Amino acid sequence: MSEKNRLVDAPSHVKLLERDLDKRPILECMHLGIDFGGLHAVEDLNITIGPTEISGLIGPNGAGKTTVFNLLTKVYEPTGGVIMIDGVDTRGKSTAQISHMGVARTFQNIRLFNHMSVLENVTAAMDARLKYGFGSSIFRLPAYWREEKRAREEARELLNAFGMSKEEETPAGSLPYGEQRRLEIVRALATKPRILLLDEPAAGMNPSETRELMENIRWIRETFNTAIFLIEHDMKLVMEVCDGIMVLNFGRVIAKGTPKDIQNDPQVIEAYLGRKKEAQHG
Amino acid sequence: MSIFLRTFISGLNLGSIYALIALGYSMVYGIAKMLNFAHGDIIMIGAYTGIVAVMNLHLPPVVALIVSVIVCAGLGMLIETLAYKPLRQAPSLSVLITAIGVSYFLQNLALLIFGSEQKAYPQMSGLGSFTILDVKVDGITVMTLAVTAVIMIGLTLFINGTRMGKAMRAVSEDRGAAELMGISVNKTILITFAIGSGLAAIASAFYGMTYVYIKPTTGSMPGIKAFTAAVFGGIGSLPGAMLGGILLGLIEQFAKAYISTQWSDAIVFAVLILVLIVRPTGLLGKKSTEKV
């Protein structure tokens, strides 16, 4: 790991990658929270992610990790706090607008457009960014064909980069599991994200697939110049890939820091394993 | 033989009208996941618009049809925005009841404006007719079949080949995921309503020229038949709606010609029940297997 990839204390008491220090964070949350009928699912959450950071969100089952992703993408409207994407307040923005601001995500349980072809899954995600209206799509103005062609070429390049060119015409639903997971990432990248949210990308993968995924995550960051925020239970992946890690328990952040900090944090060990001392002496 | 042929042609004619209406039902169901029971009444509004455009404004028939399509598409978008959009997160039963409410609202609105007496739909003269195998075929029948065929091909190309069509399919498969990929679900649903209602307006013109008399409750029977056709073919599937509509029209006319005029509707629904017993998702409906 190069010197520039170290996590350092930024002036505002958050930790950032050294190379991201002079840049505006891509994602900033302040006192973010949501109540479900009196239950504080997520409370007082503060996140800062730099524009080239790979950040991990871990925690026991039911800690509220996916809820955090749903808040960031406005699937749920937060009941408190602020989310800023690249310095822009997201209050009052819809899920689709959040996507246009540069937030893309994958899902814990794969949600592809199963009856559409692999290529269509990717171009559908690109479409929302293309300019021209309903009229020109009916009357097939030259601009339509130009944009359409460019979108298809771009989609093919993306698929090619992920080794999926051959399956272009296959319905997404009939791909094998691992390929479906990969297509979800390709589809998310097709929206040209500034930050990519991955919800348990390694779920259901065998060790060699997980190793490939780890390489892919780093490669995506470099190639697409995007920050990555991921939820994952595979500790080996998290510790190896992430620059910074946040640990969530009962909807609150109990620890934040580098993988090394987290590994030695007594609170984290307690949250995952129960009380250490009791376990040792009992 | 000539009875058979005549029945076949009138069945295709009626079936085309059902298919055009069923397309609207099916598209809205597939994309907005709701049964728009006010869809039948859009036909009635479309027919009255045609009458006003020709009789009162003295517009030529083709212009009247375009006006009617625009009015209905606008009305469909208005209904979606005012009545259905606020209920997007509500249980589907609330939306269904609202749709029935909208249906009664439109019928009573027409009753207020046009009164309860039936009005004659302006007939297109000069289309002529011709005879094949001793059967007289009206020009309007030929036009109905031709226009319906063109619309079906056009709509299929639109859904499969255009960006908006792709967005519609994405929304219909997974609304949440589509939205997270930046597709505006509200805009997509709005356009779906516009297209569905526009098709209903075209159906209304053919209905008016075939059955002539229009009254405020005119929309309900073809509406229910078209809904049946959509279920018959597999609701949510566009080829299903087309096939269902055409088959329903044929079955109805053959039942009328060969069995009994009074029993024709009962026969139509009996066939529907039989089909649904064998294929619960309709003729071309997608099988949905529950993942465990």
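# How the terms apply to this predicted model

In this predicted model, 18 residues of chain B are in contact with 23 residues of chain A.

User: What makes a residue of chain B count as being in contact with chain A, and which elements of chain B give two or more residues to that side?

Analyst: The criterion is that C-beta atoms, placed from the backbone, lie within 7 Å, and on this basis 18 residues of chain B are in contact with 23 of chain A. The elements of chain B that give two or more residues to this side are α6 (163-173) and α7 (175-180), with α6(B) giving the most, 7 residues. By class, the side of chain B that touches chain A has 8 nonpolar, 4 polar and 6 charged residues.

User: Why is chain B called as compact as a globular protein of its length?

Analyst: Chain B, which has 11 helices and 4 strands, has a radius of gyration of 19 Å, and the globule rule gives 19 Å for 292 residues, so the two values are close and the description holds. Along its principal axes the C-alpha trace of chain B spans about 60 × 45 × 35 Å, and buried residues make up 49% of the 292 residues.

User: Why is α1(B) described as largely enclosed?

Analyst: A residue is buried if 20 or more other C-beta atoms lie within 10 Å of its own, and 22 of the 31 residues of α1(B) are buried, so this helix is largely enclosed by the rest of the structure.

User: What makes β3 and β4 of chain A a pair of strands?

Analyst: Pairing requires at least two bridges, and 7 bridges join β3 (residues 27-36) of chain A to β4 (residues 39-49) of chain A, the strands running antiparallel.

User: Where in chain A is confidence lowest, and where is it highest?

Analyst: Chain A averages a pLDDT of 84, with 85% of the residues scoring at least 70. Confidence is lowest in helix α11 (residues 276-281) of chain A, at a mean of 50, and highest in strand β9 (residues 195-199) of chain A, at 94. Where pLDDT is low, the predicted coordinates should not be read in detail.

Key
Residues are numbered from 1 along each chain as its sequence is written. Chains are lettered from A and ligands numbered from 1 in the order in which they are written. This is a predicted model: local features need pLDDT of at least 70, side-chain atom pairs count only at pLDDT 80 or more; totals for chains, interfaces and linings use all residues. Ala, Val, Leu, Ile, Met, Phe, Trp, Tyr, Cys and Pro count as nonpolar, Asp, Glu, Lys and Arg as charged, and the others, Gly among them, as polar. The radius of gyration is taken over C-alpha atoms; the globule rule is 2.2 Å times the number of residues to the power 0.38. A residue is buried if 20 or more other C-beta atoms lie within 10 Å of its own, exposed if 12 or fewer, and partly exposed in between; C-beta atoms are placed from the backbone. pLDDT is the predictor's confidence in each residue, from 0 to 100.
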